[in-house]
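Please look over the sequence and the coordinates together before reading on.

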Amino acid sequence: QVQLVESGGGLVQAGGSLTLSCVAVGRSASDYAWGWFRQAPGKEREFLGGQTYRGSSYAADSVKGRFTISRSAARNTVYLQMNSLKPEDTGVYYCAARFRRDSGDYELWGQGTQVTVSE
């Protein structure tokens with residue numbers, strides 16, 4: 001059974017940086033298209049960006065220029081690099097994957113990792 005295991009969340013000051021990791025356990029990360037989401041308290045889940053099955057990364061307009069998605073085949077890991085963090089970036093961050101397709105529902109989800117950005 002394939003699992004996604006996230007790490008890297010924590011507390012950071014505004015203006016700081018943080019990198020989240022999502023390891024695919026049980027299958028190659030290269031077999032999936034990826035997405036990163038976050039859910040802030042009292043708000044709906046928000047799409048932040050993703051990486052296509054072929055490896056092209058893209059970010060949502062709301063975080064473009066600050067957040068970058070990448071993948072390491074050697075580490076079987078997908079990353080969300082977050083720079084210039086703001087207090088409104090606070091929330092639970094999730095990685096998600098769908099097998100060899102760039103559209104449709106994500107069938108795998110990480111457990112979530114908390115990111116808190118202080119003033």
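A residue is called buried when its relative accessible area is under 20%, exposed when that area is over 50%, and partly exposed in between, with a 1.4 Å probe and protein chains only. At 43% relative accessibility, serine 84 therefore counts as partly exposed. The model is a predicted one, in which local features need pLDDT of at least 70 and side-chain atom pairs count only at pLDDT 80 or more, whereas totals for chains, interfaces and linings use all residues. Residues are numbered from 1 along each chain as its sequence is written, and side-chain values use heavy atoms, with hydrogens and water left out.

The chain contains 11 strands and zero helices, where strands (E, at least two residues) and helices (H or I, at least four) are DSSP runs numbered from the N terminus. Read from the N terminus on, the order of elements is accordingly β-β-β-β-β-β-β-β-β-β-β. The radius of gyration, taken over C-alpha atoms and compared with a globule rule of 2.2 Å times the number of residues to the power 0.38, is 13 Å for the chain, which agrees with the value near 14 Å that a compact globule of 119 residues would have. Along the principal axes, the C-alpha atoms fill a box of roughly 40 × 25 × 25 Å.

Of the 119 residues, 45% count as buried. The chain exposes about 6100 Å², and carbon and sulfur atoms supply 46% of this area; accessible areas come from the Shrake-Rupley method with a 1.4 Å probe, and for residues only the protein chains shown count as cover. With contact meaning heavy atoms within 4.5 Å, 54% of the contacts between residues at least 6 apart in sequence join residues at least 24 apart.

What lies at the centre of the contacts inside the largest nonpolar core, that is, which residues have the most of them? A nonpolar core is a set of buried Ala, Val, Leu, Ile, Met, Phe, Trp, Tyr and Cys residues joined through side-chain atoms within 4.5 Å. The largest one has 26 residues, and those with the most contacts inside it are Leu4, Trp34, Trp36, Phe67, Leu80, Met82 and Tyr93. At least two residues of this core come from each of β3 (18-25), β4 (32-39), β7 (67-72), β8 (77-82), β9 (91-99) and β11 (113-118), and β3 gives the most, with four residues. Leucine 80, when residues up to four places away in sequence are not counted, touches Leu18, Thr19, Leu20, Trp36, Leu48, Phe67, Thr68, Ile69 and Tyr93.

One of the residues that leucine 80 touches, leucine 18, lies in strand β3 and counts as buried at 15% relative accessibility. Leaving aside neighbours within four places in sequence, leucine 18 is in contact with Gly8, Gly9, Gly10, Leu80, Gln81, Met82, Leu85 and Val115. Between leucine 18 and valine 115 there are 97 residues of separation in sequence, yet their C-alpha atoms are 8.7 Å apart in space.

Valine 2, in the segment before β1 (3-7), is buried, with a relative accessible area of 18%. Beyond its neighbours within four places in sequence, valine 2 is in contact with Val25, Gly26, Arg27, Tyr32 and Leu108; glycine 26 is 24 residues away in sequence and 4.7 Å away in space, C-alpha to C-alpha.

Threonine 52 is placed in the loop between β5 (46-51) and β6 (57-59), and with a relative accessible area of 19% it is buried. Its contacts, not counting residues up to four places away in sequence, are with Tyr32, Ala33, Tyr58, Arg71 and Asp102. Serine 70, by contrast, sits in strand β7 and is partly exposed, with a relative accessible area of 34%. Serine 70 touches Gln51, Ser57, Thr77, Val78 and Tyr79, again without residues up to four places away in sequence, and its C-alpha atom is separated by 7.5 Å from that of glutamine 51, 19 residues apart along the chain.

Serine 84, in the loop between β8 and β9, has a phi near 50 degrees, a positive value in a residue other than glycine. Arginine 100, in the loop between β9 and β10 (108-109), has a positive phi of about 55 degrees although it is not a glycine, and its relative accessible area of 42% makes it partly exposed.
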